[in-house]
Amino acid sequence: MEKQELKQVELLATKLRRDVLAMLQKRGYGHVGGSLSLADLYAVLYTKHLRHRSDNPTWDGRDRIVLSKGHAGPVMYSCLAEEGYFPGEWLFTLNDGGTRLPSHTDRLKTPGVDATTGSLGQGTSVAAGIAYALHLQHKDNYTYLIVGDGELNEGQCWEAFEFIAAHRLSNCIVFIDNNKKQLDGRCEDILYPFDYTEKMKAFGFMAQCVNGQDAEALDCAIQRAKDNKSSANAIVLDTIKGAGIPYFENAEMNHSMKWNNDEINAATDEAIAGFDQRIAALAFELNGQSKACPCSGDDDTQARACTARIQCDEGGEA
Ligand SMILES: [Mg+2]
């Protein structure tokens, strides 16, 4: 990627991490670890690879994302808000009664969501069906399927992978978020997974393994997958659960956390302030914008994060 493009990816990834933390802090609990491990993938996809239109979420020419690990909804919602699918204020309604943003993604509630997911494993079959239908219609849209490593305990995933591979659905790119942990512990302690890359190769995929927090590595792997037209594609993401904030990376049980003590709130406030500074710096580098984002000194998390987003976006970056 060009230097400018890399900065745009970093800018989006930083916004996603800030927004995920802000919305979960406001909610008081939520799936933080597996949302943060995907921030870089979402930033690369939406900055460079995904065909989509925020002003027409059901545009026929769009690529599809199936977030089978639907509990990572917060990172997808943050991305959709940043891309203009809905107002950023919606983020702070996460999981409220009547919200458009339920804890797990729902295609009937949220613009830009193509599959209702959260019952683990089922998104793999949905993606297989979407990719097969597009293939039968000779369309060139891609289907990006994102599964968790813990989710692969579900046998349904492997049935869907068999189907995707057997039909050589090269329009389907499967990402495995190998962040090494699942809801109640380390994947290797719960059901030893062996080597995901070798397993996907054995199923008939062209399988790659990359650092899932490295934008350039992600971009190269996605491009290689797109260039491969002879088989289905899998990209195993070597990721860190809670990636980008030491406090959340180091928390052993970081699948879903509660913001119920001073320590987690202080770590969140500090991280958001740091992200706001980085966002302002990147915006300046990209657009010559000098206006700094507000951060500390305000007790109202929602208002602060909303204001930060609005002020950053006024610069018109990316
Ligand atoms: Mg996991």
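These legends describe close-up views of a predicted model. Residues are numbered from 1 along each chain as its sequence is written. In this predicted model, local features need pLDDT of at least 70, side-chain atom pairs count only at pLDDT 80 or more, and totals for chains, interfaces and linings use all residues.

**View 1. The annotated domain, residues 15-276.** An unreviewed UniProt entry labels this stretch "domain: Transketolase N-terminal". UniProt positions follow the numbering used here, feature names are shortened, and annotations may be inferred rather than shown by experiment. Over residues 15-276, the chain is 42% helix and 14% strand. Helices (H or I, at least four residues) and strands (E, at least two) are DSSP runs, numbered from the N terminus. The end C-alpha atoms of the stretch are 8 Å apart.

**View 2. Helix α1 against helix α11.** α1 spans residues 3-27 and α11 spans residues 262-287. They pack at an angle of about 150°, with axes 9 Å apart. That makes α1 roughly antiparallel to α11. Axes are lines fitted to C-alpha atoms, for helices over the stretch in contact, and angles run from 0 to 180 degrees between N-to-C directions. Angles under 35 degrees count as roughly parallel, over 145 as roughly antiparallel, 65 to 115 as roughly perpendicular and the rest as oblique. The crossing of α1 and α11 is left-handed. A crossing is left-handed if the near helix is turned anticlockwise from the far one by less than a right angle, and right-handed if clockwise. Among the residues that meet are L11, R18 and L21 in α1, and I272, F275 and L282 in α11. Residues are in contact if their C-beta atoms, placed from the backbone, lie within 7 Å. The residues of this contact divide into ten nonpolar, five polar and eight charged. Ala, Val, Leu, Ile, Met, Phe, Trp, Tyr, Cys and Pro count as nonpolar, Asp, Glu, Lys and Arg as charged, and the others, Gly among them, as polar.

**View 3. Helix α1 against helix α4.** α4 covers residues 73-82. The angle between α1 and α4 is about 120°, and their axes lie 9 Å apart. α1 and α4 are therefore oblique to each other. Their crossing is right-handed. On α1, the contact includes L12, L16, V20 and L24; on α4, it includes P74, V75 and C79. The contact of α1 with α4 holds nine nonpolar residues, one polar and three charged.

View 4. Two strands pair if DSSP finds at least two bridges between them. β7 and β8 (residues 233-238) are joined by six bridges. N211 has D238 in β8 as its bridge partner.

**View 5. Helix α5 beside helix α6.** The axes of α5 (residues 122-136) and α6 (residues 155-166) come within 7 Å. They cross at roughly 15°. α5 and α6 are therefore roughly parallel to each other. The crossing is left-handed. A128 and A131 of α5 are among the contact residues, as are F161 and I164 of α6. This contact has seven nonpolar residues, four polar and no charged.

Terms used. Contact = placed C-beta atoms within 7 Å.
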